[in-house]
Structures are given as structure tokens and as C-alpha cells.
Amino acid sequence: MRADGGCADPVGADHQARERLTVMEQTPQETFQRHVAALVAGDLDALVSDYAEDALVLTATGEYRGRDAIRELFEGLANALPQLSLEAKSAVFADNLLLLRWSADSTLNTVPDGVDTFVFDAGLIQNQTISCTLTPKA
């Protein structure tokens, strides 16, 4: 017998369905704003939830497929860029695409030349490329 007595949880199920619908209705701009907030806050759970289950992130060091691999990528970036401060130099949206130029500063390293591209689908990040130079502080 199930722990819940075999009863369905229509309130919980309805809430989950509303959350999925809300994400699907988000524009790429809204998804990106949520993504940056999670990144700056260091909230890896929220950050990874911005990606589709089968998302692909491509960097000069390799490809990261799926949320588990993407989490590992961002754990490494968080270690390399502690106490992160980001500056968006430009963000150009067209349809479901974003081209982002950015820089970053942290207690250990800086990034003077970040460039990312994003492809959004149904309120989630489906694909992303990341290009940047991690420069140690003197």
C-alpha cells in the first residue's frame, strides 16, 4: 500500500501543472532574468531548473548534456569565480535566441570577454554556448 493511502493529490498535481504552464508561458527575456538571478545568488538548483531535461551547453572545453552535467559545469565555474559580479555588455534577443556579451569579476579570477548564445524553448534553455577567458588575478 502506498504511504499516501493510494489517494491522489489533486491540489499538489494542479499546482505542479500550473508551474509548468507558467514556465512555458515565459518569454526568453523572463527566462534569462530568472537565470541570471539564480547565477548571481549561487542557487544551483534554480539555475539548473532553467534548462530543459535534455539541454546542451557547449564550451571550448567540451559539451555538457542534461541537467546533471550542466550542474557539474556550473559547480566548476562557481569554484573558479567565487563572490561573482557580472556585467552584461550587450544582450540581443531575436525570436527564441539571445546573444550575450558579458564580463565577470570574482575574488580569484576575472572574465573580460564572455560571449554566450542561448536558444530558448517553452520557457527553458534548450541550448547554450559559452566562450570566455578566465584570467587569474595578480
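Student: Is Asn109 buried or exposed, and how do I read that?

Tutor: Buried means under 20% relative accessible area, exposed over 50%, partly exposed in between (1.4 Å probe, protein chains only). Asn109 comes out at 11%, so Asn109 is buried. Keep in mind that this is a predicted model: local features need pLDDT of at least 70, side-chain atom pairs count only at pLDDT 80 or more, and totals for chains, interfaces and linings use all residues. Residues are numbered from 1 along each chain as its sequence is written, and side-chain values use heavy atoms, with hydrogens and water left out.

Student: Which backbone oxygen lies 2.7 Å from a polar atom of the Asn109 side chain?

Tutor: That of Ala80. Ala80 is also one of the buried residues of α4.

Student: What does α4 look like, and which of its residues are buried?

Tutor: Helices (H or I, at least four residues) and strands (E, at least two) are DSSP runs, numbered from the N terminus. Helix α4 covers residues 66-80, and its buried residues are Gly66, Ala69, Ile70, Leu73, Phe74 and Ala80. Seen down the axis, these fall within an arc of 135° (taken from the directions from the helix axis to the C-beta atoms), so they line one face of the helix. The face turned away from that side carries the exposed Asp68, Glu72 and Asn79.

Student: Which elements do the buried residues of α4 pack against?

Tutor: Contact means heavy atoms within 4.5 Å. The partners are α2 (28-41), α3 (44-49), β1 (51-59), β2 (62-65), β5 (109-121) and β6 (124-131). Asn109 itself is in strand β5.

Notes
Expected span 1.5 Å × (residues − 1). Polar contact = N/O pair within 3.5 Å; in protein donor to acceptor, adjacent residues only side chain to side chain.
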